[in-house]
Amino acid sequence: MVRKGSKLSAETKRKIKENHADIRGEKNPFYHKSHSKDTKLRISNKVKELWKDKSYRSRVEPHLRKYHHMEDNPAWDGGKSFETYPKEFKIKRSNIIKRDKKCYICNDTKDLVVHHIDYNKSNNSDCNLLTLCRSCHGRTNWNKQKWKRILELDLLIWKGNKYASDLLG
Ligand SMILES: [Zn+2]
């Protein structure tokens, strides 16, 4: 038992090192694993809740920017991604996933989310919503203008797609 404040001898330190598994990088049991859905949801809800608090935002935002070098980061959207979706969208989301059934980009059928093609979370018209898997959705946070063009254009030339004709007007 090590008393608080007592100095450890070099020998003790060495023993501790030997007896403790090296859990850096690939050796870490958490490596390449992610939080359970439950944990993710709890974290996400907590962040959303905190983000609604203006004083919290003003305290945290400068640090976030600094930490992620957000000023130069094309994925930084001024914290929009932390804003809560309108109620309308929450209802719509499940309908869109039922409509598309799989990720539009990679065809995966697991872990599906609904993407706003124009990145405007209040534009919840059917032709602005597209089902993607979480991993592809992460990709669309970069080069937003490029993805917007690609997905809009794709939908337009997606023959027989009635949402494309909605887009054409
Ligand atoms: Zn995908």
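Trainee: Which residues does Leu 132 touch, not counting residues up to four places away in sequence?

Mentor: In this predicted model, Leu 132 touches Cys 103, Tyr 104, Ile 105, Val 113, His 115, His 137 and Thr 140, once residues up to four places away in sequence are set aside.

Trainee: What makes these count as contacts?

Mentor: Two residues are in contact if their C-beta atoms lie within 7 Å, and Leu 132 has such contacts with residues including Cys 103 and Ile 105.

Trainee: Which residues make up the largest nonpolar core?

Mentor: That core has twelve residues in all, namely Ile 96, Cys 103, Ile 105, Leu 112, Val 114, Ile 117, Leu 129, Leu 130, Leu 132, Cys 133, Cys 136 and Leu 151. The elements that contribute two or more residues to this core are strand 1 (112-116) and strand 2 (129-133), and strand 2 gives the most, with four residues.

Trainee: Why is Ile 150 called partly exposed?

Mentor: Ile 150, which is found in helix 6 (residues 144-157), has 14 other C-beta atoms within 10 Å. A residue is buried at 20 or more and exposed at 12 or fewer, so Ile 150, with its 14, is partly exposed.

Trainee: How far apart are Ile 150 and Ile 117 in sequence and in space?

Mentor: Ile 150 and Ile 117 are 33 residues apart in sequence, while their C-alpha atoms are 9.4 Å apart in space.

Trainee: How many helices and strands does the chain have?

Mentor: The chain has seven helices and two strands, and along the sequence they follow the pattern α-α-α-α-β-β-α-α-α.

Definitions and conventions
Residues numbered from 1 in each chain as written. Predicted model: local features only at pLDDT ≥ 70, side-chain atom pairs only at ≥ 80, totals over all residues. Core = buried A, V, L, I, M, F, W, Y, C linked by C-beta atoms within 7 Å.
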